[in-house]
Amino acid sequence: MNQKLSLIGSIRGGLVFMGRHALLSALFFLLAYGAVYYAQKLSISTDLPVMFAYLVYTYFFYYFFVCFYFRRKPLFSRRRFGNALVRMLAILLLAFAALLALKIGFKILFFLAGTLKAFPEFYEQLRLAYLGLLVSPYFAWFLPVFMFIILSFTFFIPAFAWISAVIGGDSSITMTFVRAKGNYVRLIVIFLLIYGMLPLTILIFRGYSAGVVAAVSALMSLVQIVIYLKVYEHFYPQK
């Protein structure tokens, strides 16, 4: 049986790492800050070339951070880089396929619901129940939690394989689920905590200047990746 993941231990371990490696943390904070700041200034959401450049920059940012974190030398290896890129593309395809399947599933449900129009009373009750669900405060919380559950199994857990590919370890996507078995609920909770913080924090600082928003985003991104790597180390102990 896999050893249980410690939520508090993973978060504490990540913060301790940042404190002990302040220079490395500061360097990557500045790199993240510059990217986020100029992405805001250049209207990344409406300019495709800028968006593509930002995504490429982000990929290399995480790639080299992982290499520095695990002290892999050389920092850049064509074999490791190619293997990691293939894994990332496969993981993104998996996540996209899952979201597409959900979309198709909802369309099928709406189609089946439409066939109930032949039973007016039952259809009206169903329609009112659906409208009530949409305005329910519980639904507003349930939806993001549900999406995090989906992303945990289609992106966050499989992404362990990407980390392994970057550092030259076991990069099997299938094995990520085997190693994480027995810790799925804990993983969903910690992913919800560390990755749910960023959008909430940005929302809080939305009215502040671009520099403040960029600084908060950069810091949260750094905290996220460090804690994520601590979680990875739990399932993939390093010699």
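The following paragraphs lead through a predicted model of one protein chain, from its overall make-up to individual residues.

Residues are numbered from 1 along each chain as its sequence is written, and side-chain values use heavy atoms, with hydrogens and water left out. Because the model is predicted, local features are given only at a pLDDT of at least 70 and side-chain atom pairs only at 80 or more, whereas totals for chains, interfaces and linings use all residues.

The protein chain contains 10 helices and zero strands. Helices here are DSSP runs of H or I with at least four residues, strands are runs of E with at least two, and both are numbered from the N terminus. Read from the N terminus, the order of elements is α-α-α-α-α-α-α-α-α-α. Of the 239 residues in the protein chain, 33% are buried. A residue is called buried under 20% relative accessible area, exposed over 50%, and partly exposed in between, with a 1.4 Å probe and protein chains only.

Confidence is expressed as pLDDT, the predictor's confidence in each residue on a scale from 0 to 100. The protein chain has a mean pLDDT of 85, and 88% of its residues reach 70 or more. Confidence is lowest in helix α5 (residues 120–134), with a mean of 68, and highest in helix α7 (residues 159–167), with a mean of 95.

Arg71 is exposed, because its relative accessible area is 65%. Pro74 has its place in the loop between α3 and α4 as well, and the peptide bond that leads from Lys73 to Pro74 is cis, with omega near -5°. Most residues other than glycine have a negative phi, and most peptide bonds are trans.

Helix α4 (residues 78–114) includes Leu100. Leu100 is partly exposed, since its relative accessible area is 39%. It belongs to a nonpolar surface patch formed by Leu93, Phe96, Leu100, Ile104, Phe106, Ile108, Leu109, Phe110, Phe111 and Leu112, which together have about 1100 Å² of accessible area. Such patches are made of residues with over 30% relative accessible area and no salt bridge; nonpolar side chains (Val, Leu, Ile, Met, Phe, Trp, Tyr) are joined within 5 Å, and like charges within 9 Å. The areas come from the Shrake-Rupley method with a 1.4 Å probe, and for residues only the protein chains shown count as cover.

Ile173 is partly exposed, at a relative accessible area of 23%, and its C-alpha atom is separated by 7.7 Å from that of Ala159, 14 residues apart along the chain. Ala180, by contrast, is buried, with a relative accessible area of 0%. Ala180 and Phe160 are 20 residues apart in sequence, and their C-alpha atoms are 9.8 Å apart in space.

Side chains of opposite charge can pair when their charged atoms come close. The term salt bridge is used for a side-chain nitrogen of Lys or Arg within 4 Å of a carboxyl oxygen of Asp or Glu. Two salt bridges are found in the whole structure. One joins Asp170 to Arg179, with the closest N and O atoms 3.7 Å apart. Asp170 is partly exposed at 33% relative accessible area, and Arg179 is partly exposed at 27%.

The other salt bridge links the side chains of Glu233 and Lys230, at 3.6 Å from N to O. These two residues are three residues apart in helix α10, so they are separated by about one helical turn. Both ends are partly exposed, Glu233 with a relative accessible area of 24% and Lys230 with 25%.

Helix α10 (residues 210–235) has 26 residues and reaches 38 Å from its first C-alpha to its last, close to the 38 Å expected at 1.5 Å a residue; the expected span is 1.5 Å times one less than the number of residues. Because 19 of its 26 residues are buried, α10 is largely enclosed by the rest of the structure. Ser221 is located in α10 and counts as buried at 14% relative accessibility. A polar atom of the Ser221 side chain lies 2.8 Å from the backbone oxygen of Ser217.

Conventions: A polar contact is a pair of N or O atoms within 3.5 Å; within protein, one must be able to donate a hydrogen and the other to accept it, and residues adjacent in sequence count only if both atoms are side-chain atoms.
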